[in-house]
Amino acid sequence: MSTRPSPEPRRPGTAGRRLLPAALPAFCTARVILITLLLGAALSLLLSLVPGMAGDRWTRFGTTLWLVTWIALVTVAILCAARTWLTRLPVAGLLAAIVVVLAGVTGLTSAAAFHALLAIGWQTQDSVWQFMGHNLAIALVVGLIGIWIFSLHLGNARQIAARSEAELAALHARIRPHFLFNSLNTVAELVNSRPEDAERAVLDLARVFRAALAADDVSPLAEEIDLTRRYLEIEQWRLGSRLVVDWDLPDPLPDADLPVLTLQPLVENAVHHGVERQPRPGPVRIACRADRQGVHLTIENDRGTATESHDGNGMALANIRDRLALVFGEAASLRAGPTDGRFRVELVVPAVGADAPPSRGEHG
């Protein structure tokens, strides 16, 4: 058996990824910016419709929208730039920091807007301090309402996340015994016919179990591929030349995480349905590539399906889909079906760190 170096140590923060939401939303995303602008437009419209206000309401709406938009965009930009520092604060300190940022941006923007409006002929009896005070009062009321709504949302999100943690643990509890049972069956088939190979397979199996059973909820892609390679080495003892594995991996591997024991069950299904059920050699292709959409993992076999088998030797795709959804939400996907006479499973997960896809390297 060939030896292979162990995968790189687990990255700090990767092990045991929790599903609890971060206290600070991702202000840098286009969705949050769009929602902020829409809420700012709604606030501007509401202020322009206040009864008893003199002057053209549409002019007031345009002026208010201009001011509110600047305040919103600058506030979001500061929160986005300082997100790494802000996430280290407790929730109370975080909310206080947000209020301070909002008040500071409102005061400075109001002072600049006051002088800009005077320069273009705006008539007002208020002083700059009165103008700033009115805007600060509005900003603080709106900010406090937003914080109250956010606290309700955060509490609800954490309740949902806690239920998701329990569901994810249950899915892991199902897949680990399944992996153990199927691997022991593989070794058992060698005991009578090829006892020496069975002894070597048991040693390989011990290495696989050590990696699989000690893993956390989430593991790096490199560890998942290493575990899958070890599993295929065990199957190679049993299937011999019938099992042909075509690896197409970039070098270095993309920086990505997977729910533990994600890749191995998919490869196991390809072996079970595409190799075991035919007398001739059955190639299994495992490819990886990265692009702007994320990291793509593809497993292909000649024929059959990769769905759950009737004799219990295959792992249901539904389990893997559920675990991907619990860990990554809509950022991950799993598609399976026949393509060009082969059965293909394509798994997409978000990349960690580098945005550019790595260069293609290893082919084995």
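Does Pro 252 count as buried or exposed, and at what relative accessibility? In this predicted model, Pro 252 counts as exposed, because its relative accessibility is 55% and the cut-off for exposed is over 50%. The protein has 364 residues, of which 43% count as buried, and its secondary structure comes to nine helices and eight strands. Among contacts in the protein with a separation of 6 or more, 76% are accounted for by residues 24 or more positions apart.

**The surroundings of Pro 252**

- Pro 252 is found in the loop between β2 and β3, the latter strand covering residues 257–259.
- The peptide bond that joins Asp 251 and Pro 252 is cis, with an omega of about 5°.
- Although Pro 252 and Ala 222 are separated by 30 residues in sequence, their C-alpha atoms are 9.6 Å apart in space.

**The nonpolar cores**

- The largest nonpolar core consists of 36 residues, and Leu 232, Val 271 and Val 349 are those with the most contacts inside it.
- At least two residues of this core come from each of the helices α7 (221–239), α8 (263–274) and α9 (317–328), and likewise from each of the strands β2 (243–250), β4 (282–291), β5 (294–301) and β7 (342–349).
- Leaving aside residues up to four places away in sequence, Leu 232 touches Leu 243, Val 245, Trp 247, Val 267, Val 271 and Ile 286.
- Another core, of 16 residues, lies apart from the largest one, and Leu 79, Leu 86, Leu 94 and Ala 97 are among its members.

**Helix α1 against helix α2**

- The axes of helix α1 (residues 30–48) and α2 come within 8 Å of each other and cross at roughly 150°, and this crossing is right-handed.
- Leu 47, which lies in helix α1, is buried, because its relative accessible area is 19% and buried means under 20%.
- Leu 47 touches Arg 60, Thr 64 and Ile 138, when residues up to four places away in sequence are not counted.
- Leu 47 and Leu 65 are 18 residues apart in sequence, and the distance between their C-alpha atoms is 9.6 Å.

**Helix α2 against helix α4**

- Helix α2 (residues 57–81) and helix α4 (residues 91–119) have axes that come within 9 Å and cross at roughly 140°.
- The two helices α2 and α4 are therefore oblique to each other, and α2 passes α4 in a right-handed crossing.
- By class, the contact of α2 with α4 has 14 nonpolar and five polar residues, and no charged residues.

Conventions. Residues are numbered from 1 along each chain as its sequence is written. This is a predicted model: local features need pLDDT of at least 70, side-chain atom pairs count only at pLDDT 80 or more; totals for chains, interfaces and linings use all residues. Side-chain values use heavy atoms; hydrogens and water are left out. A nonpolar core is a set of buried Ala, Val, Leu, Ile, Met, Phe, Trp, Tyr and Cys residues joined through side-chain atoms within 4.5 Å. Buried means under 20% relative accessible area, exposed over 50%, partly exposed in between (1.4 Å probe, protein chains only). Helices (H or I, at least four residues) and strands (E, at least two) are DSSP runs, numbered from the N terminus. Contact means heavy atoms within 4.5 Å. Axes are lines fitted to C-alpha atoms, for helices over the stretch in contact, and angles run from 0 to 180 degrees between N-to-C directions. Angles under 35 degrees count as roughly parallel, over 145 as roughly antiparallel, 65 to 115 as roughly perpendicular and the rest as oblique. A crossing is left-handed if the near helix is turned anticlockwise from the far one by less than a right angle, and right-handed if clockwise. Ala, Val, Leu, Ile, Met, Phe, Trp, Tyr, Cys and Pro count as nonpolar, Asp, Glu, Lys and Arg as charged, and the others, Gly among them, as polar.
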